[in-house]
Amino acid sequence: MDEAKEKIWEPKIVAIVCNWCTYAGADLAGISRIQYPPNVRIMRVPCTGRINPFYILKALQEGADGVLISGCHPGECHYLTGNLIARRKFAMLKSFLTYVGLEGDRTVFTWVSASEGERFAKVIRQVTEAIRAIGPARKLVKGS
Amino acid sequence: MVTVETKVRELAKSLLEEGKIDYLIGYEEGTLPLSMTPCFIQAPEEVSRLVYNPFCVQNLAKYVTDVIFSHRENQRRVKPEERAKKVVGVVARGCTSRSIVIHLLERQYDREEVVIIGVPCDGYVDMRKLKAHLDGKEIVAGEVKDGTLLVETGEGRGEVILSQVLSDNCLVCRYNNPVIYDYMVGELVAPRQGEEEFQVVAEFSQLSDRERWEYFTREMAKCIRCYACRNACPSCYCRSCFVEQTTPRWIGLTVDPSDVQLFQLMRLFHMVGRCVDCGSCSAVCPMGVDLRTFLKKIDYDGWKLFKNRPGVSLEEPLLLGTFSESDPEDFIFHPK
């Protein structure tokens, strides 16, 4: 049973993206018909600075195998400094999660601008493969 | 020699009499031997209740927000033109003063609303360590004399060297003098070197991922979610805390281990740039959960990555309230 489950297991990735850059980048990837794996569920927020670290942990608890956070490149934030404030928060979060023994690689942070449809597709492809390599999430998962 | 305790009483009395403060937060004898609890004094004749000794554990900054916030709530019933601020006096050690700095930076109250009575601190006694030292014998009474703790247990008298039973955080404390104060009682003490300040982090980081996660889950399995850590923490002053929120319900009210782990992870992470390592949370934990190993990591990262030490100066902005163009970016993923 478990083996069969493993075989059909596909990584589930929650992508929390900012409205102004990465969401538009994903849209561009879509309208340019660039192919990328369907493992990602996109959640749109106004800005990466608005992301509560709780979203990331909650996603991991509720069964996501990976969480991808993406926003505007530093210096290009729609709200000028939202992503710079977020960068500090994420640096602390990633280091802390790794420290307690959670796989730090399950949380990925990147920047994708509105004109980078190809980069968005690349990120999704590579992150999906990286999460696939780590395997299904077992730690912090509710009911496991 | 006039002790710090007597000086605190005298100062508190004169401040209350002169009306410079409306309220004083200090320590008094608790109901159990060698346990001191916070006390709240409004009348000058009550100052004899005040004590100050190495058994004063709690960080009193917690009660500054409590008193000011509840006073503010009461003032809602008063006509706007008749509203008055209450000035709170607080007996503050190094860690308490750092917590007050954090409150001030987070604009929870004005500097005029608090009068800080600074006291020197050489560390407080960790009751768990003391009990382990006495093989669990019941403590009946005790006193400190020249760095030695004379304890009377149910089975006789004993002597313990004070430095052996001081709390872990006090042993590596760099800020044992108040960082800000209005009145300083007693002499400033020499700061500890704190060379091994982050040793606990270095040691824990040496373990493998699996060992670290096992340690974390084992510690968190002890947690009964009484929220004593949150209630004692001076940085946890939110009137509405995420653990009690129902829209959204952040933390499930189940016995699932992941719910407890999530609660702890989030409470710990809320301490980014706000933990002063006062040890209140660990001291009040009824289950003895090791929180410090994890809190210290947050402190360490803040220092290593952003050169930030929580609450040491009113000029330095909060860790997450600011940013720099040159913040580390090595964790950002770039596709090949």
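Two residues are taken to be in contact if their C-beta atoms, placed from the backbone, lie within 7 Å. The structure is a predicted model, in which local features need pLDDT of at least 70 and side-chain atom pairs count only at pLDDT 80 or more, whereas totals for chains, interfaces and linings use all residues. Residues are numbered from 1 along each chain as its sequence is written, and chains are lettered from A, with ligands numbered from 1, in the order in which they are written.

By the contact criterion, Val91(B) touches Val8(B), Ile25(B), Gly26(B), Tyr27(B), Tyr52(B), Leu60(B), Ile117(B) and Val119(B), when its neighbours within four places in sequence are left aside. Val91(B) also belongs, with Val64(B), Val90(B) and Ile117(B), to the residues that touch the most other members of the largest nonpolar core, which holds 127 residues. Such a core is a set of buried Ala, Val, Leu, Ile, Met, Phe, Trp, Tyr and Cys residues joined through C-beta atoms within 7 Å, where a residue is buried if 20 or more other C-beta atoms lie within 10 Å of its own, exposed if 12 or fewer, and partly exposed in between. The largest share of this core, 10 residues, is supplied by α4(A); helices (H or I, at least four residues) and strands (E, at least two) are DSSP runs numbered from the N terminus. Because domain 1 (127-165) and domain 2 (199-321) of chain B both give residues to the core, it lies between them. The bounds of these domains come from an automatic or database domain assignment, and their centres, taken over C-alpha atoms, are separated by 30 Å.

Between the two chains, 33 residues of chain A are in contact with 31 residues of chain B. On the side of chain A that touches chain B, α3 (53-61), α4 (82-100), β4 (107-111) and α5 (117-134) each supply at least two residues, and the largest share, 13 residues, comes from α4(A). The residues of this side divide into 18 nonpolar, 7 polar and 8 charged, with Ala, Val, Leu, Ile, Met, Phe, Trp, Tyr, Cys and Pro counted as nonpolar, Asp, Glu, Lys and Arg as charged, and the others, Gly among them, as polar. Met92(A) lies in helix α4 of chain A and counts as buried, with 22 C-beta neighbours inside 10 Å. Apart from its neighbours within four places in sequence, Met92(A) is in contact with Val272(B), Ile298(B) and Asp301(B).

Within chain A, the axes of helix α2 (residues 22-31) and α5(A) come within 7 Å and cross at roughly 95°, the axes being lines fitted to C-alpha atoms over the stretch in contact, with angles running from 0 to 180 degrees between N-to-C directions. The two helices are therefore roughly perpendicular, a term that covers angles of 65 to 115 degrees. Thr22(A), Gly25(A), Ala26(A), Leu28(A) and Ala29(A) of α2(A) make this contact with Gly117(A), Arg119(A), Phe120(A) and Ala121(A) of α5(A).

Asp135(B), in the loop between α4 (127-133) and β6 (139-145), has a positive phi of about 55° although it is not a glycine, and Asp135(B) is exposed, with 9 other C-beta atoms within 10 Å. Asp277(B), in the loop between α9 and α10 (280-284), has a positive phi near 55°, but counts as buried with 24 C-beta neighbours inside 10 Å. The peptide bond from Thr247(B) to Pro248(B) is cis, with omega near 0°, and Pro248(B) is found in the loop between α8 (228-232) and α9 (257-269) of chain B.

Terms used
Parallel < 35°, antiparallel > 145°, perpendicular 65-115°, else oblique.
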